[in-house]
Amino acid sequence: MNRIDRLTAILIQLQSKRVVKAQEVADRFGISLRTVYRDIRALEEAGVPIGAEAGIGYFLEDYHLPPVMFSNEEASALLFGAKLIGKMADESLREGFESAFYKIKSVLKRAEKEHLEDLETRVAVLARRRNEPFSLNVLNEIQQAIVRQQVLCIDYVANFQSQSSQREIEPIGLVHYSSHWHLIAFCRLRGDYRDFRTDRIQSLTNTEQFFPKQNLLMLQAYLDRLRVQEHLEEVTLWVHKGAALFMQEQRYIWGFISEESHDKYIKMKFMTQYFEGMGRWLMTFGKHVSIESPQKIKEMMQTLALEIQEHYLQPY
């Protein structure tokens, strides 16, 4: 990206939120803080009214860019986002995104509109059939309550139970994993933080009571604490690219967190505490998976391999 394009992109970033930290700009464009400061100065010299607060960040003072046009790549990315939201969100979010997407398409140039129309029928997201959730329209109300710090009252059906229990909760965040959205919140009934699967919420009411934000953990802090409490350990694997194609969604069940591509193999990292279960899953991929660490899961795999060998050597 040349400097003129970067300056324009920085201006758009400054308009995207109330305050933008210099480090956020540096991280986005892969530049040094020194370069960020020079770019901000260049924008100021061009007449852009940029305010700054020491230790906080930069902000625009009564300045708005004209409507921004989208490139083919940006428009395509939005289409992919729409396809994913269509399968991974409930009706409340789908309606909001669909309305926003129509507005975005209305400002596209003719070439970009034709590009999207052609791409629309050539991109699909397939999801496994699941049981219908109790509540189809909770995600939008939940995210509003998170931002406004409002107490929610829910009727919740916990796992392996047939009856619901009523809970007053203080929501701190939403996380998507294992094919479901999970609401992380402080449960007043249990006196601790809990993970509520949103498809098990039978009904939801916003009490319009406010709770003090400073009393709650931030979402990342909760996830970090959960990792410590569950004694999760990192597992590093080398998976042949042909075998990796068959892991896909299953890998998230075992705590998949990242991957790196290396020639014919993919280096994958997991965080888990279920070594035997993960070992039995890895057995299905045979010699196409190698374990780098930890040693305990290597030993587990050896035990499982001997178990299979002894089983099939027995006469019947």
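Which residues does Phe 270 touch, not counting residues up to four places away in sequence? In this predicted model, Phe 270 touches Glu 233, Glu 234, Val 235, Leu 237, Arg 251, Trp 254, Gly 255, Phe 256, Ile 257, Met 278 and Trp 281. Phe 270 also belongs to the largest nonpolar core and to an aromatic cluster.

**Nonpolar cores**

- The largest nonpolar core has 20 residues, and the members that touch the most others are Leu 237, Phe 270, Met 278 and Leu 282.
- Two or more residues of this core come from each of strand S8 (233–240), helix H9 (241–244), strand S10 (265–272), helix H11 (275–283), strand S11 (289–293) and helix H12 (295–313).
- H11 provides the largest share, with four residues.

**Aromatic pairs**

- Eight aromatic pairs are found in a search of the whole structure.
- Tyr 156 and Phe 196 form an edge-to-face pair, because their ring centres are 5.0 Å apart and their planes stand at 85°.
- This pair ties together parts that are 40 residues apart in sequence, since Tyr 156 lies in strand S3 (residues 150–156) and Phe 196 in strand S6 (residues 192–197).
- Tyr 156 counts as buried at 5% relative accessibility, and Phe 196 counts as buried at 1%.

**Aromatic cluster and a charge over a ring**

- One aromatic cluster is formed by Tyr 252, Trp 254, Phe 256, Phe 270, Trp 281 and Phe 285.
- The ring of Phe 256 has the charged end of Arg 251 over it, 4.0 Å from the ring centre.
- Arg 251 and Phe 256 are both among the residues that Phe 270 touches.

Terms used
Residues numbered from 1 in each chain as written. Predicted model: local features only at pLDDT ≥ 70, side-chain atom pairs only at ≥ 80, totals over all residues. Heavy atoms only, no water. Core = buried A, V, L, I, M, F, W, Y, C linked by side-chain atoms within 4.5 Å. Buried < 20%, exposed > 50% of the residue type's maximum accessible area, 1.4 Å probe, protein only. Contact = heavy atoms within 4.5 Å. Phe/Tyr/Trp six-rings, centres within 6.5 Å; stacked < 30°, edge-to-face > 60°. Lys NZ or Arg CZ within 6 Å of the ring centre and 35° of its normal.
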